[in-house]
Number of protein chains: 4
Amino acid sequence: MPNPQGNQPLIPPRPRPGARAAKAAARRDAILTAALDEFSAKGFASARLDDVAQRAGVAKGTIYLHFRDKEALFQELIRSTLVPLVGRLETIGEIDLPTRTLVERIVDVFVDEVFGTRRKDVIRLIIAEGPRFPQIAEFHYREVVSRAITALRGLMRRAIERGELSGDILVRFPQLVVAPVLVAIIWSGLFDRFESLDVRSLMRAHLDLLFGEPS
Amino acid sequence: MPNPQGNQPLIPPRPRPGARAAKAAARRDAILTAALDEFSAKGFASARLDDVAQRAGVAKGTIYLHFRDKEALFQELIRSTLVPLVGRLETIGEIDLPTRTLVERIVDVFVDEVFGTRRKDVIRLIIAEGPRFPQIAEFHYREVVSRAITALRGLMRRAIERGELSGDILVRFPQLVVAPVLVAIIWSGLFDRFESLDVRSLMRAHLDLLFGEPS
Amino acid sequence: MPNPQGNQPLIPPRPRPGARAAKAAARRDAILTAALDEFSAKGFASARLDDVAQRAGVAKGTIYLHFRDKEALFQELIRSTLVPLVGRLETIGEIDLPTRTLVERIVDVFVDEVFGTRRKDVIRLIIAEGPRFPQIAEFHYREVVSRAITALRGLMRRAIERGELSGDILVRFPQLVVAPVLVAIIWSGLFDRFESLDVRSLMRAHLDLLFGEPS
Amino acid sequence: MPNPQGNQPLIPPRPRPGARAAKAAARRDAILTAALDEFSAKGFASARLDDVAQRAGVAKGTIYLHFRDKEALFQELIRSTLVPLVGRLETIGEIDLPTRTLVERIVDVFVDEVFGTRRKDVIRLIIAEGPRFPQIAEFHYREVVSRAITALRGLMRRAIERGELSGDILVRFPQLVVAPVLVAIIWSGLFDRFESLDVRSLMRAHLDLLFGEPS
DNA sequence: GATGAATGAGGGTTCATTCAT
DNA sequence: TATGAATGAACCCTCATTCAT
């Protein structure tokens, strides 16, 4: 809904029409980014909207112009982050290449787009706060987890048909494919200070276990 | 109400000696149990000591007779729960049986003693709150994780020497052995409502991946 | 409700510029006044911020917008009250009039500006709570007591040079000049119910002792 | 009420009859001493009975065997300390010696028995807490202040009759005689850290003002 | 009497949310 | 639309007092 007043020359200090909406969207994004910082660092309950506002460079009240309340801000944040990645995963599954290659691409996407970004923190938040926010758990089961499971299961089934994989274990439990992802995320949040874990090597080792070491 | 059992003349009107201490210990345990309930359900920040007290059947002030403050109660709770299990894990590693058998025992211990009990919730709490409580993370790295890693690594190394395992992947990344454990715990907290996950089957499938399906 | 005064076009719909800051200052003052009431009546520890807020006509949380905590409110209150009077005392000392006249002016200032006002209560608070608030004691020694002592000592020295006073006792112990002030304050707080003490007469009698009765 | 059980040989572990009462009295005194320490240091409201008990070497409950509640302990403490001294003051007034000599004795008693002892702290407590404890103020007006005022007034009147003092100022305001006492007490509590005040010299200087310097 | 564990009312402080400007 | 001062409910913690032992 672009601002329709085509000619309002008498309000000079305001930027071009449309700029208003753009500014609003920028503010909204700034708030979401700041919120991710604070929620990651302190958890939902301990994060203070004061700090979110300050970090976003807006006033506290402004948050309420964009989000109904603290929980809505949190849910919005959590919902908007991971969904796009599932599309990537599904797309990769459709490509006609050896499964091992595809899975390696998936791993790369994960390492680069999740582990190397703030999305990692979102996953941590889902794990930590999900039990208290049933809608979040449900949303992610529906929009992320079940779709990812389905995509993986399809990929594994095709791998068997192609003779790249023996046994239906990974069809029955596609979760086993991504289990080390969770290990990596949790480890990095808790224990990296004491002993760092090379995620890419870990994932590659895992693939070697699943598909056999490449000759 | 004078003690009516006529034939206990040598025992003074008060209960057995040590009953006082016993009662104190019982109260302490009741508080810890109640605290686990509340912290699991609400998280550290949102749990109310009022509720802990009520659930434990004591007054609010009583908590402070046993724990310095809310955080001390939380840390105590977290610290006392998992350590005993590591001993079990280390002990199992010393038994002279086929590795697959030992690992199956470990899985059974995990399923029965962790997944089937409140310890599962403690692990969830560590994952969720650990980043905010560096002492907890450090304690668990030192007392649980690093010991478990070491024990597993030893077990895997021996398996290779015995020819039960080919490749040193699991020696380099023993975390891969337990990765599905985390999947199971997280899944059960978030998604069991939508799709249940049979932990025992999952773990068995995982072992089949690692050691080959038993013929 | 658009501002109906047709002929004030240049003033925006909100009150005078600075009205916001003025209101904030007024609130701060209201809190300080209320705090003096409550602290005087109950002492620091027993005064309730709830009561301070109510008396000031603000919400409890508002106090924390102006003062870091209860102690800061207390210290601020104590610090801001007496310092201005020392300036008066020092100024009087510079006037070229007979010492007895100057001291009588000082006494008048004391009776009117301290004894007749809430400042009396502040002095009582310093006496009562000072030992527990070293910063307050130090501040008042530095900003009030030592300056007053110095001013009085100068005055007494000049009186000797002028032949209005014999002996250097009051130069060595200027405290003796103001001793009855403390008697008056303490008496009025404790014993006025039983036997009232006419402060002005007391002080005049004291001056007669020091300087001889005016003939 | 001496313990009347003259013959109770069958309770051997207990000390001689009467020793019980003596021990009780000792405990009571220990509590009062400890209470003075704590009340002096923290004030009535902030002093903790826990600390009093610990300092007295008794259990918290024991305090309640000797005093109805915290306030009763406080009042008892305050009441029992100063009264004996008034007797001394009245006695000194009856001796037939030069007034200056008598007043010097009074000053010595004050310096040695009040200023050099914990009684100084009791006076401070009366000043600080008296306004909140009307019974304490009343008690001290009746039993201490008015009697001391009367005794001093008699002494001053006799001094005039004897020609040792000219003018009736000190008869009208005997408070002026003791004013420096309060200065000394308050000063020592607040400002001694910064500038010490020699009480004996101060008092002697004061007497020189009142009675003229001894030739 | 003596103990000290247990109680629970009370109060300082925080912070999500509102609303006048 | 944006602000941030103001609100007041909520919660941790303390400590005077009680009472079973």
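How many salt bridges does the rule find across the interface of chain C and chain D? It finds 0, a salt bridge being a side-chain nitrogen of Lys or Arg within 4 Å of a carboxyl oxygen of Asp or Glu. This is a predicted model, where local features need pLDDT of at least 70 and side-chain atom pairs count only at pLDDT 80 or more, while totals for chains, interfaces and linings use all residues. Residues are numbered from 1 along each chain as its sequence is written, and side-chain values use heavy atoms, leaving out hydrogens and water.

**What the interface is made of**
- Chain C and chain D bury about 4,100 Å² between them, 78% of it on carbon and sulfur atoms; that is the accessible area (1.4 Å probe) lost on putting the two together, summed over both.
- On the chain C side that touches chain D, there are 29 nonpolar, 9 polar and 9 charged residues (nonpolar means Ala, Val, Leu, Ile, Met, Phe, Trp, Tyr, Cys and Pro; charged means Asp, Glu, Lys and Arg; the others, Gly among them, are polar).

**Who touches whom**
- In all, 47 residues of chain C are in contact with 47 residues of chain D, contact meaning heavy atoms within 4.5 Å.
- The copies meet through the same surface, because 100% of chain C's interface residues are also interface residues in chain D.

**How the copies are related**

Note on methods. Chains are lettered from A and ligands numbered from 1 in the order in which they are written.
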